[in-house]
Amino acid sequence: MLWENIILALREIRRNVLRSALTVLGIVIGVAAVITMVTLGQGATAKVTSDISSMGSNLMDIRPGQMRHGPGGASSDANPFKGADVTAIQREISSLLAVAPMASQMSQAIYGSANRSTRILGTTSDYLTVRDWPLAMGRAFTEGETRSGKAVCILGETVSKELFGGQGPIGATIRLGKVSCKVVGVLAPKGQNSFGTDQDDLVIIPLRTLQRRMVGNTDVASISVSVKDGISTKEAQAEIERLLRERRRIPPGKDDNFTVRDMQEIVSMLTSTTRVLTALLSAVAAVSLLVGGIGIMNIMLVSVTERTREIGTRLAIGALERDVLMQFLIEAVVLSSFGGVCGILLGLGAAGGGARLLGVPFVFQTAIVMTAFAFSAAVGVIFGYFPARKAARMDPIQALRYE
């Protein structure tokens, strides 16, 4: 009986192809919009998580000044760190795997006739450990080069390609402003982060080299630290804050004049934000499913009116009310399910194109596809029930008399 009703439903849909197509258009758009929004939202979340993770595992960033909301970052109304602060953190915080002091300056990198304006980052070899950044070729700084401030450098991939093209830069001497330095390594490529910044557009030199020969001071702009595996970043953060408050002579009750940011907290915050936005956009997109359901109910009411004599004939020759109810209900479900399948295909296609356009990974989720299909079928049941019940409760005599 069920199969017969499905055959009848398909025959009726085929008889009015254009009307049926326009009826399910709302379902198609609603399902496609929901799948597109959720898939792109999951891709954005995965992209943000990957970018933050690429900065290093168990990473914390320490900066002078209180953190301001917005892109400005930490305020500059506090004294910068000094080398002694870095030494104290390395000596007294045993839970840290690596500590990398940093300072930077924009400068021109020159080799022969090629040049590029780039960021010059002064730090130590621990920076590669903290950022979990391997070398594509060459080596890191030696302890002696770091301590003496020797003029050596490690190039990011973008700078290496700009200055040397396809040639190997190891051993070559380049100029950074007025300072000549020897290339000892090239970083493995990392590409752009979520904010569109090219992470490979930099040159790394020993911190002491930058301080002595480029900026002319001993300031440390920030300190990045990596916490050992198995140790809570919360505990390490508390120890660092206690030590820095003591070293910067901050009395009890006064706010810190520095900021310790746990990157895991930033990941959680950004992930939560993208999920909320995805849910909001999906809810807005789901409204079209409601519109599609109303369209199905409307067209089914029209169909019941058009087929009044057919319904009367079926009831007169012995069909039960539940048979008529099932016939029209299945027709509504078939319509909405067909719209759901078309919406899924359209949504996955749109999500794939959007992911390539936005530069985020395509995250296929079986759960959202199955949920969207089940929801579209449920729309057919809910909005098809009233027209089906109206057909089932017809008086056969009155239905046969209908003109």
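**Arg 249 and its loop**

I looked up Arg 249 and found it in the loop between α8 (233–247) and β10 (258–262). I took helices (H or I, at least four residues) and strands (E, at least two) as DSSP runs, numbered from the N terminus. Arg 249 is exposed because its relative accessible area is 73%. For these classes, buried means under 20% relative accessible area, exposed over 50%, and partly exposed in between, with a 1.4 Å probe and protein chains only. Phi of Arg 249 is near 55 degrees, a positive value in a residue other than glycine. I noted that most residues other than glycine have a negative phi.

**Basis of the entries**

I worked from a predicted model, in which local features need pLDDT of at least 70 and side-chain atom pairs count only at pLDDT 80 or more, while totals for chains, interfaces and linings use all residues. Residues are numbered from 1 along each chain as its sequence is written, and side-chain values use heavy atoms, with hydrogens and water left out.

I looked up the pLDDT, which is the predictor's confidence in each residue, from 0 to 100. The chain has a mean of 81, and 82% of its residues reach 70 or more. Over residues 69–75 the pLDDT is below 50, and this stretch has 13 contacts in the model beyond near neighbours in sequence. Contact means heavy atoms within 4.5 Å.

**The chain as a whole**

I recorded 13 helices and 10 strands. Of the 403 residues, 46% count as buried. Among contacts between residues at least 6 apart in sequence, 76% join residues at least 24 apart. The accessible surface comes to about 20400 Å², and carbon and sulfur atoms hold 59% of it. This area comes from the Shrake-Rupley method with a 1.4 Å probe; for residues, only the protein chains shown count as cover.

**Nonpolar cores**

I looked up the nonpolar cores, each a set of buried Ala, Val, Leu, Ile, Met, Phe, Trp, Tyr and Cys residues joined through side-chain atoms within 4.5 Å. The largest has 41 residues, and Ile 62, Ile 89, Leu 96, Ile 174, Leu 176, Ile 223 and Ile 240 touch the most other members. A second, separate core of 20 residues includes Val 24, Val 28, Ile 35 and Ala 372.

What does Ile 174 touch, not counting residues up to four places away in sequence? I found Ile 110, Tyr 111, Cys 153, Leu 155, Leu 163, Phe 164, Val 179, Ser 180, Cys 181 and Val 183.

In helix α6 (residues 157–164), I found Thr 158, Val 159, Ser 160, Leu 163 and Phe 164 to be the buried residues. They pack against β2 (96–111), β3 (114–123), β5 (152–155), β6 (173–176), β7 (179–187) and β8 (202–206).

In helix α7 (residues 207–215), the buried residues are Leu 207, Thr 209, Leu 210, Gln 211 and Met 214. Their cover includes β2, β3, β6, β7 and β8. Just after α7, Gly 216 has a positive phi of about 75 degrees.

**Aromatic pairs**

How many aromatic pairs does a search of the whole structure find? I recorded two. Rings of Phe, Tyr and Trp (its six-membered ring) pair if their centres lie within 6.5 Å; planes under 30 degrees apart count as stacked, over 60 as edge-to-face and the rest as tilted.

The Tyr 111 and Phe 164 pair is tilted because the planes stand at 35 degrees, with the ring centres 4.3 Å apart. This pair links distant parts of the chain, since Tyr 111 is in strand β2 and Phe 164 in helix α6, 53 residues apart. Tyr 111 counts as partly exposed because its relative accessibility is 30%, whereas Phe 164 is buried at 6%.

Tyr 127 and Trp 133 form a tilted pair, 6.5 Å centre to centre, with 40 degrees between the planes. Both Tyr 127 and Trp 133 are buried. The charged end of Lys 190 sits over the ring of Trp 133, 4.9 Å from its centre. For this I required NZ of Lys or CZ of Arg within 6 Å of the ring centre and within 35 degrees of the ring normal.

**Two further loop residues**

Is Asp 132 buried or exposed? I found Asp 132 exposed because its relative accessibility is 51%. Asp 132 is in the loop between α4 and β4 (135–138), and its phi is near 55 degrees, a positive value in a residue other than glycine.

Thr 124 is in the loop between β3 and α4 (126–130). Thr 124 counts as buried because its relative accessibility is 17%. Leaving aside neighbours within four places in sequence, Thr 124 is in contact with Val 99, Ala 100, Pro 101, Phe 141 and Thr 146.
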